[in-house]
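Let's take a walk through this fold, starting with the sheet and ending with the rings. Here is the model to look at.

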Amino acid sequence: MLMTCVCLCAGGAALMYILYRWVLPSTVRQALVLLWHDFLLERLLDKITGSTRPQRMLRAVQKNATRGDPCSVVKAIDDYCKHTEWAMNVGDEKGCIVDSVVSEVKPTTVLELGTYCGYSAVRIASLLPPNAKLITLEFNLETAAIAREVIAFAGLQDTIHLVEGASGDWIPKMKERFGVKTFDLIFLDHWKDRYLPDTKLLEKCALLREGTVLLADNVICPGTPDYLDYVRNSPQYKSKFFKSHLEYTQEEDGLEKSVFLG
């Protein structure tokens, strides 16, 4: 009897996996993954621990990273998100693609749209030359407060300028408030429905120069179809897609690198 139950459970689990992996469309699988990790599980853990996911990630950094060592901060967050609790950072796999683009562009002025807990800001800033400037925008004030602590722990508070507020409000103020003429690299990783309007706003505000690189995360999952259609079909851009996976999962995702041609 016991063996029969075990076999039935094992068979049922195998059937569910086959249905999930090979029968359900990828868009449905992606939606289920995000629903589980970014809504249900997060809320459950918030209730159990009496803390938020960003607070738990900060504690992981403080416990496992070395103060003043950006690489150890990135590793601590990656380890936490792979083994303890998922979070929508750019992640280790796509992070290597980001690293290669930063190393190729060698930017001195960088704009990041969407700071979250500071993972990608720390990752990018650790590769920048001396006297480079990275401005990162975060709409959520509570998350921004955590990101400030992560950035300071990494020792990059003099390189990374974290600005709290909406991208649509801050992009037109960049030249006046920060003395930036144009950006060499722009990393888009905020609300996906803001990718296209903010790109057009950057164009309107003349913050792009010939050769400016736009690097957009999560263009497949959750997806940014209007943005992809624009940069892939506009004569102002030359685009390339880097296939990868949604951070810390095996679901399809990728980055879109678009060079502004003027």
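## The sheet

Two strands count as paired if DSSP finds at least two bridges between them. Keep in mind that this is a predicted model. Strand E1 (residues 109-113) and strand E4 (residues 183-188) pair in the parallel sense, over 4 bridges. Within that pairing, Leu111 stands opposite Ile186 in E4.

Zooming out, E1 and E4 belong to an open sheet of 7 strands with mixed pairing, in the order E3-E2-E1-E4-E5-E7-E6. The edges are strand E3 (160-164) and strand E6 (237-245); each has a single partner strand, so one side of each is left without a neighbour in the sheet. Ignoring direction, neighbouring strands are turned by 15 degrees against each other on average.

## Helices on the sheet

Helix H5 (residues 91-105) packs on the sheet and touches E4, strand E5 (208-216), E6 and strand E7 (252-260). Its direction makes about 150 degrees with that of E6.

H10 packs on the sheet too, touching E1, E4, E5, E6 and E7, and its direction makes about 165 degrees with that of E5.

## Rings and charges

There are 4 aromatic pairs here. In one of them, the ring centres of Tyr195 and Tyr227 are 5.6 Å apart with planes at 85 degrees, so the pair is edge-to-face. Tyr195 lies in helix H10 (residues 195-204) and Tyr227 in helix H12 (residues 225-233), so the pair ties together parts 32 residues apart in sequence. Tyr195 is buried, at 0% relative accessible area, and Tyr227 is buried at 0% as well.

Tyr230, Tyr237 and Phe260 form one aromatic cluster. Lys200 lies over the face of Tyr230, 5.2 Å from the ring centre. Elsewhere, the charged end of Lys173 sits over the ring of Trp170, 5.1 Å from its centre.

Note on methods:
Residues are numbered from 1 along each chain as its sequence is written. This is a predicted model: local features need pLDDT of at least 70, side-chain atom pairs count only at pLDDT 80 or more; totals for chains, interfaces and linings use all residues. Side-chain values use heavy atoms; hydrogens and water are left out. Rings of Phe, Tyr and Trp (its six-membered ring) pair if their centres lie within 6.5 Å; planes under 30 degrees apart count as stacked, over 60 as edge-to-face and the rest as tilted. Helices (H or I, at least four residues) and strands (E, at least two) are DSSP runs, numbered from the N terminus. Buried means under 20% relative accessible area, exposed over 50%, partly exposed in between (1.4 Å probe, protein chains only). A charge sits over a ring if NZ of Lys or CZ of Arg is within 6 Å of the ring centre and within 35 degrees of the ring normal. Axes are lines fitted to C-alpha atoms, for helices over the stretch in contact, and angles run from 0 to 180 degrees between N-to-C directions. Contact means heavy atoms within 4.5 Å.
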